[in-house]
Amino acid sequence: MKRTIFIIVILTFLVTSPPLFLEWFESQRIKQIQEIKQQARPIFGEPLEKVMSELKGINPPSAVILYTGNTKSHLEPCGCYQEQSGGLSRRAYVIERIREYGYLTLVVDAGNIFDGQEDIDAERCRINMKALAEMDYSAIALSESDLTYDDTYLIQQSMVATFPFLAPRTAGKEFTQPFVTQKAGEYTIAFVAGEAPQQAVSDASLIVALGNPKKLENIDIVILPDEVEAVASDTKTVYVGSKSEGKTLGVLAVWLDETGEMADHYTSQIALTGEVGESVLIRQMLTDFYRSTVAKHNTSDFRLFVEQMLEKQNSGYISAETCKGCHEQEYLQWSGTRHAFAYQTLLKKERYFDPNCVVCHTTGFGYETGFQIGDQDSTLKGVQCETCHGPGKQHAGNPKKTNIRSGKDTSLCLQCHDSKHSPGFSDVVALVMKDVNHSREPMNLEELLASRIERMGKPTLELFVMSYCPFAIQAEKQIIPIVKKFGDKIDFKLRFIAQEKDEISSHDITPFVSLHGYPEVAENIRQLLIAQEYPDKYLDYLLCRGKKLNKSWEDCARKLGIDVNKIQ
């Protein structure tokens, strides 16, 4: 007897352990991918709440100077992952929050603000100027790099701004000024470009140089466009630096004593990550820019895999729907992956007009037969079969291994999953290849919902049924526990299939007919009413009713505390 029990235990272990081991192994693979990618995602700066908490913990400063530098008119990060920092709309939101605390708040830029030589670059810089004007900047300094642009260009940019451009007198630019002053209570703060002019010294208590002055005489603070640690020099001049591309918003709080001398200071960098809110006005400004200007840019500059054989031959793109005809299993596996819904992330982040983003979230962008910006009915949305395997027109007409790619070359993946958009991906590319292995079983509903929630937010799950259909009841039995598990993380909608009568007589109880007759129409309507009046009970009602279709509906209703008379 003992031997029999022992054998049963061993056999049970042998049967159950492989699936358990595979499940554990898969969880470890996913965990390793997440850890490596997380470690590769640098977070710049400190949370806004932490910085404001530190400021509120001490005496109110005489002034808070918020600053940027070396932004090169970078409008915002692409949004490929949560930790990406920067963006004009987030910067504007933070500035608004800080001003709400009642501190005297001045905003300036230390230079290196212009970038690029194309018309679209000029327009991007103009939008940046317009956004800084909305944020009420006090001044920006023109660096040596900025001053290499011709006067016509700089004057056009200054006409958009509501703040002065600062440059040393030696630059010889009539449309600039060497300094600007701002009142800080009973004191005056002067922002200067280069060395401090004598007039600024005589007018101001505190001299702040924007950029790197050649002489430090009379200068109290230097705000550099470059990244440096906040330090005090031998001359007691305080140096602070800026994060490139507007990844952060610099904070410099100063305390002036009764003589107007700087008695103390506080410095920090505020992180502008996805946790920060956005200014509605600036967000709309950027969206309008993408729609009106970026979408008109030459899309041939954004083509992928131009050196690959099939792309050179311009074979033609045919979409995954065509591939499905011969590769249904592969299509089903792909359709549940993030690649399939890559375009939806652009819709969510309002970047679907930006070629820089569209090229890696659609198929064949930049090619004549590939995805075209503005074509909302395109069948080439998302990262489809032909992104990895090459344009498939030749292969569809004459299927051979020589006119299609295998898709195993991971170097192609790294053209989109580069260090900027997918930091750490190159270290895990071998591990993630399993996710695009088309021999794997397609995701089940629970896995699919979890993937959508993580990538896109709250998905909608619709179930189309007839309330007396045995197949519908089986579907509800399988799906409702999953719906309960996800709760308000998903939007579940139960839809009823019926037909409206062509002609309605006075004897008709309802204008609808259904496959299982009037009782089914009545039950459809009851379930809709219960969903409306008792949203926390209708899922349980569906499960109960499915077991008792041959009995009165009132039994399930009363059991769950649903008012029968109200529904009737």
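A crossing of two helices is called left-handed if the near helix is turned anticlockwise from the far one by less than a right angle, and right-handed if the near helix is turned clockwise. By this rule, helix α4 passes helix α5 in a right-handed crossing. The structure is a predicted model, in which local features need pLDDT of at least 70 and side-chain atom pairs count only at pLDDT 80 or more, while totals for chains, interfaces and linings use all residues. Residues are numbered from 1 along each chain as its sequence is written, and side-chain values use heavy atoms, with hydrogens and water left out. Helices (H or I, at least four residues) and strands (E, at least two) are DSSP runs, numbered from the N terminus.

On the α4 side, the contact (heavy atoms within 4.5 Å) is made by Ala 122, Cys 125, Arg 126, Met 129, Lys 130 and Ala 133. Tyr 153, Gln 157 and Val 160 contribute from α5. In general, an α-helix has 3.6 residues a turn, so residues three or four places apart point the same way.

The length of α4 agrees with expectation: its 16 residues should span 22 Å at 1.5 Å a residue, and its end C-alpha atoms are 23 Å apart. The expected span is 1.5 Å times one less than the number of residues in the helix. Buried residues (under 20% relative accessible area, with exposed over 50% and partly exposed in between, for a 1.4 Å probe and protein chains only) of α4 include Ile 120, Asp 121, Arg 124, Cys 125 and Ile 127. Asn 128, Met 129, Ala 131, Leu 132 and Ala 133 are also buried in this helix. Among the elements that cover the buried residues of α4 are α3, β3, α5, β4 (165-166) and α7 (280-292).

After α4 comes Asp 136, with a positive phi near 60 degrees, a value found here in a residue other than glycine. Asp 136 belongs to the loop between α4 (119-134) and β3 (139-141), and is partly exposed at a relative accessible area of 49%. Lys 72 also has a positive phi, of about 50 degrees, although it is not a glycine. The loop that holds Lys 72 runs between β1 (63-68) and α3 (88-100), and Lys 72 counts as partly exposed at 40% relative accessibility.

Gln 84 is found in the loop between β1 and α3. With a relative accessible area of 7%, Gln 84 is buried. Leaving aside residues up to four places away in sequence, Gln 84 touches Pro 77, Cys 78, Gly 79, Arg 90, Leu 272, Thr 273, Gly 274 and Lys 420.

Leu 431 and Gln 28 are 403 residues apart in sequence, yet their C-alpha atoms are 11 Å apart in space. Residues touched by Leu 431, not counting those up to four places away in sequence, are Arg 29, Gln 32 and Ile 33.

Helix α18 (residues 470-486) has 17 residues and reaches 25 Å from its first C-alpha to its last, close to the expected 24 Å. At Ile 479 this helix bends by about 30 degrees, and Pro 481 follows within four residues; the bend is the angle between axes fitted to the seven residues ending at a residue and the seven starting there. The buried residues of α18 are Ala 472, Ile 473, Glu 476, Ile 479, Ile 480, Ile 482, Val 483 and Phe 486. Gln 474 of α18 is partly exposed, at 45%. Just after the helix, Gly 487 takes a positive phi of about 60 degrees.

The axes of α18 and helix α20 (residues 538-547) come within 10 Å and cross at roughly 150 degrees. The two helices are therefore roughly antiparallel to each other, a label for angles over 145 degrees, where those under 35 count as roughly parallel, 65 to 115 as roughly perpendicular and the rest as oblique. Their crossing is left-handed. Ile 473, Glu 476, Lys 477, Ile 480, Val 483 and Lys 484 of α18 make the contact with Leu 539, Asp 540, Leu 542, Leu 543 and Gly 546 of α20.

Notes
Axes are lines fitted to C-alpha atoms, for helices over the stretch in contact, and angles run from 0 to 180 degrees between N-to-C directions.
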